[in-house]
Amino acid sequence: MRQSGRNGSTGDTTKRLGIVAASVAVALATVFSVSSPAQAATAVKISGIYYNSPGNDTRSNTSLNAEYVNLQNLTRSTQVITNWTIRDVAGHVYKFPTTSIPAGRTITLRTGKGANSTTTRYWQQTNYIWNNDRDTAYLRNAAGASVYTCAYNSTAASYKSC
Ligand SMILES: [Ca+2]
């Protein structure tokens, strides 16, 4: 009768290889986690929110349009943001119509009514979107994936740079 090799060297080698593989996996995981900030780089960001328009909140169209969000293209090429959305904590959603932002440029989304131009979009609202004390702006791409988020929590300022 032959003896089984359960205590033989083959099993030990397998264990050792397993430990080596695990070490390599940990090393790779470390490398990738270190490089993740670069992967998180975005082409378009929310660069700022003017959430407390000047003067009293009279809901005049002028006052509504003094409340706005800026999106900036951080790249050297045109970025298409058609069907991208901006939303607040309360669940108001704006969807960009056919829109592109030239390299390095900014587009402004104003709360009130107006005629869209290449540099300005209008949400066409009759009430304010951005709370004067605290809120969060969420930018999502056409697939609904989060692109950028900007939160503020201060009545000491009217504008949040993101
Ligand atoms: Ca406001």
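Reader: Which residues does Gln72 touch, not counting residues up to four places away in sequence?
Author: The model is a predicted one, and within it Gln72 is found in strand β2. Leaving out residues up to four places away in sequence, the residues that Gln72 touches are Val44, Lys45, Ser47 and Thr106.

Reader: Does Gln72 count as buried or exposed?
Author: A residue is buried if 20 or more other C-beta atoms lie within 10 Å of its own. Gln72 has 20 C-beta neighbours inside 10 Å, and therefore Gln72 counts as buried.

Reader: What separation is there between the C-alpha atoms of Gln72 and Arg105?
Author: Along the chain, Gln72 and Arg105 are 33 residues apart.

Reader: Which strands stand at the edges of the open sheet, and why is one side of each left without a neighbour?
Author: The open sheet is formed by 5 strands with mixed pairing, in the order β8-β7-β2-β1-β11, and the twist from one strand to the next averages 20°. Each edge strand has a single partner strand, so one side of it is left without a neighbour in the sheet. The strands in that position are β8 and β11 (159-161).

Reader: In β8, which residue is the bridge partner of Arg110?
Author: Strands β7 and β8 run parallel and are joined by 3 bridges. For Arg110, the bridge partner in β8 is Tyr122.

Reader: Which elements give two or more residues to the largest nonpolar core?
Author: The largest nonpolar core has 21 residues, of which Ile46, Ile49, Val69, Leu71, Ala137 and Leu139 touch the most other members. Two or more residues come from each of β1 (44-50), β2 (68-73), β7 (106-110) and β9 (134-140).

Reader: Leaving aside its neighbours within four places in sequence, with which residues is Leu139 in contact?
Author: Leu139 is one of the residues that touch the most other members of the largest nonpolar core. With neighbours within four places in sequence set aside, the contacts of Leu139 are Ile46, Leu71, Trp84, Ile86, Val147 and Tyr148.

Reader: Does Arg59 count as buried or exposed?
Author: Arg59 has its place in the loop between β1 and α2 (61-65), and its phi is near 65°, a positive value in a residue other than glycine. Because Arg59 has 12 C-beta neighbours inside 10 Å, it counts as exposed.

Conventions: Residues numbered from 1 in each chain as written. Predicted model: local features only at pLDDT ≥ 70, side-chain atom pairs only at ≥ 80, totals over all residues. Core = buried A, V, L, I, M, F, W, Y, C linked by C-beta atoms within 7 Å. Helix = DSSP H or I, 4+ residues; strand = E, 2+ residues; numbered from the N terminus. Contact = placed C-beta atoms within 7 Å. Pairing = 2+ DSSP bridges. Axes fitted to C-alpha atoms, helices over the stretch in contact; angles between N-to-C directions.
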